[in-house]
Amino acid sequence: MKKKIVSVLLSVFMATGLLAGCGGSSKNSGSSSASGEKSKKGNYDMTLYSINTTDPDFDDWLKNVEDATGLKINVIAAPTDSDTRQQKITTVLSTGDSSVDVIEINDEMSASFKDSGWLEGLNDSVMTDDIRGQFPQGYLKDMITDKSGNIIGVPGYIGYLAFWVNQQIMDEVGITSIDTKEDFMEYMKAPSGNGRYGYGGSWEKTYSHNEIAQFVNMFGGDYLDWTNPKNKEAVQFLHDMVADKETPIDQIADKYEQMNPKANDGKYGSWFMWGLGTDYEKADMLGADKIHMAMIPDFSGEGKRSIFTDSWSYVLNKASKNKDASLKFLKYMTEEGGMEASYKAFDRYPARADVAEKVVPDSDPAKEIYSRYASECDVKGRPMLPQTMEFITDTGTIFQSCMKDEITVDEFCSKAGEMVDKYSK
Amino acid sequence: MNTKKKSTKWIVPWILILPVVLIRGFTTLYPIIATLKNSLFDIKVLSGVKKFVGFSNYVNVFKDPKIITSISFTVMFVVISMIFHVVLGVGLALILNMKFKGQRFLRTIVLIPWAMPAVVVGMAAKWGFNNDYGLVNDFIRRFVPAFQYNWLINTGSARAAVIIMDLWKDLPFFAILVLSGLQFISGDIYEAAKVDGANGVQSFFRITLPLITKNVMTLCIPFTLWRLTTFDLVYSMTSGGPGEDTSLIAYRITTEAFTNLNVGYASTLAVLLFIVMAVFSFINMRVMNKMDN
């Protein structure tokens, strides 16, 4: 009898607890969701999914944007891990989730999303004819224009896969400039030996894509057409550099975080790298007499120099319910004020050439070389396919095999062609 | 009256466990059923493809060179790692079971690697095995100054490095669990064996080993399953490289699901891994039942 009473009491307690729990929580959540809704509708005009929230100057940037546009912006921090970020953004866009209005996406995501129909075209509202011309045309065309010709993003900045050299090594081996293929080859030979190399890179399978494509471009090839003999010439060139110990095979395990310390330590004479050299600056190695950017060598002999550009672009979610506010925000991002705010807060080099000329001071060491890149080089977006990450990883994998002599250069070219066909679909 | 009571007696326990059953159903059964269903579809989130393909994904798995490489390394990883877990784990447990000064301190610090997140271990190992900046080569160069080797660029050494790091991290935990089994063996048995003239080696093979075998076998089930589902170590240490040579099957599933967004194919791989794990557990349980009998 006692047992029965105890079990009944326990059951009653549990049921009461459950009901109280549910009741309490629903009451709370009801009020919080109501207030959340109210605050969202009442206080915020739009929601931005940003990658810059960890920057110490983010709040200043946000204040600038809010003051200039009159918008109250709700900010959601994007995950720092690239896979998680891509997965979340893909989920938001593919499910028609309207909780986020404007999202920052990189080139890989742009290549995947631009023809998906998840993003709003901006030709008539933000990227109008008068503004469009000021942005790098190659980038707009290759990276953020969909198959119908609609531009789906506003580039947040312009970055180049710049050619970096170590001036101390150049001085040591008596080379004054690397202007042609012959100069480049001479510079490869001169400093190499004793753990030092004329060229260094990051050939980890998800990173090597940048450099393979860069060399293919310099040789005048087409990364998406592996029947082009120039492509083979480029890969053979890289292969020979490894064979001649002018560049280390060790770099197939390296990402930028491994490559940059080696560059700072004087192990590499030259390399390709994004950005304005923050890692070199931190190591007190940035400067005209130390590590600096240089003009891309002309491998063609005809004055043709090719360079890749990248950006994170602001895109408008097609499912957004705050399109007017979002367009206002995007418009500001195309203007001088918006670009200047990004430059000051995040060191993001303005994507518009005319704005860069005004906003970036002459004391910025990047200004001269960036304007030369813009005017003297064929500026392109990186070659990407809809199944971007698979394409990049698989090409990187066979590239590593080729550099390790597990497959021949011919086999590499043949397999790369198959991958282009496979991941274009 | 009594019969009626009996017939309704089952209701109360079911009411009591219903919340747990519902939570379990939602968090475990539903994902399993959804994964099974998805494995029969070609789902590519990026290209918006979702079509029923029957068992095509299952057939394709065995034609995919990336998966074949993943399976072969996973088998290698699990077998080698588990052999060393058992051999070195029992050895370490025996050492920790000895009575010496500082024994408690050693038992505590030996668990530190296990307490570290695998991602942190992987990131540290990526640098640790680096030719220029790694502590492994730095240590070797103290004896062989001209030593140059990048562990993570060759298939064999990269695979060995991953297995070494897995052992470094999880072996102490295995040893501590074996140690708990050792402590249940009464000292009287060893005393009696000693009186009968048994030496240390004989005591180990005739007393210790038989008495801890079941304990070790039991431990092997979760430790093997954990090896089969390892992905974080490889994710942060090698990203599956060089090439695909250190892509464990769980890492491949994660890549297909969350990087390539091939949900259908990833589900197929997950279902196959689930079957392998279930079969392994079943065999292990049968072996243990036989041992009991």
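This passage describes the secondary structure, selected packing contacts and chain interface of a predicted model.

Residues are numbered from 1 along each chain as its sequence is written, and chains are lettered from A and ligands numbered from 1 in the order in which they are written. Because the model is predicted, local features need pLDDT of at least 70 and side-chain atom pairs count only at pLDDT 80 or more, whereas totals for chains, interfaces and linings use all residues.

Chain A contains 18 helices and 11 strands (DSSP runs numbered from the N terminus, H or I of at least four residues for helices and E of at least two for strands). Its C-alpha atoms fill a box of roughly 95 × 60 × 45 Å along the principal axes. Contacts are defined by C-beta atoms, placed from the backbone, that lie within 7 Å. Among those in chain A between residues at least 6 apart in sequence, 75% join residues at least 24 apart.

Strand β1(A), residues 46-50, is mostly covered, with 5 of its 5 residues buried. Met46(A), Leu48(A) and Ser50(A) point one way from the strand, and Thr47(A) and Tyr49(A) point the other way. In a regular strand the side chains alternate between the two faces of the sheet. β1(A) pairs with β2(A), residues 73-77, in the parallel sense over 5 bridges (pairing requires at least two DSSP bridges between the strands). Within β2(A), Asn74(A) is the bridge partner of Thr47(A).

An open sheet of 3 strands in chain A has the order β7-β6-β8, with antiparallel pairing. β7(A) (270-273) and β8(A) (291-294) stand at the edges with a single partner strand each, so one side of each lacks a neighbour in the sheet. Neighbouring strands of this sheet are turned by 35° against each other on average, direction ignored. Strand β6(A), residues 162-166, is joined to β7(A) by 4 bridges. Trp164(A) stands opposite Trp271(A) in β7(A).

Helices α9(A) (residues 208-218) and α17(A) (residues 388-403) have axes that come within 9 Å and cross at roughly 75° (axes are lines fitted to C-alpha atoms, for helices over the stretch in contact, and angles run from 0 to 180 degrees between N-to-C directions). The two helices are therefore roughly perpendicular (65 to 115 degrees; under 35 is roughly parallel, over 145 roughly antiparallel and the rest oblique). Ser208(A), His209(A) and Ile212(A) of α9(A) meet Ile392(A), Thr395(A), Gly396(A) and Phe399(A) of α17(A). This contact has 3 nonpolar, 4 polar and no charged residues (Ala, Val, Leu, Ile, Met, Phe, Trp, Tyr, Cys and Pro are nonpolar, Asp, Glu, Lys and Arg charged, and the others, Gly among them, polar).

In chain B, the axes of α4(B) (residues 65-97) and α11(B) (residues 200-228) come within 10 Å and cross at roughly 145°. Residues in this contact divide into 9 nonpolar, 4 polar and 1 charged.

The contact between the chains takes 22 residues from chain B and 24 residues from chain A. On the chain B side, the elements giving two or more residues are α2(B) (11-38) and α13(B) (249-259). That side has 10 nonpolar, 10 polar and 2 charged residues.

Terms used: Two residues are in contact if their C-beta atoms, placed from the backbone, lie within 7 Å. A residue is buried if 20 or more other C-beta atoms lie within 10 Å of its own, exposed if 12 or fewer, and partly exposed in between; C-beta atoms are placed from the backbone.
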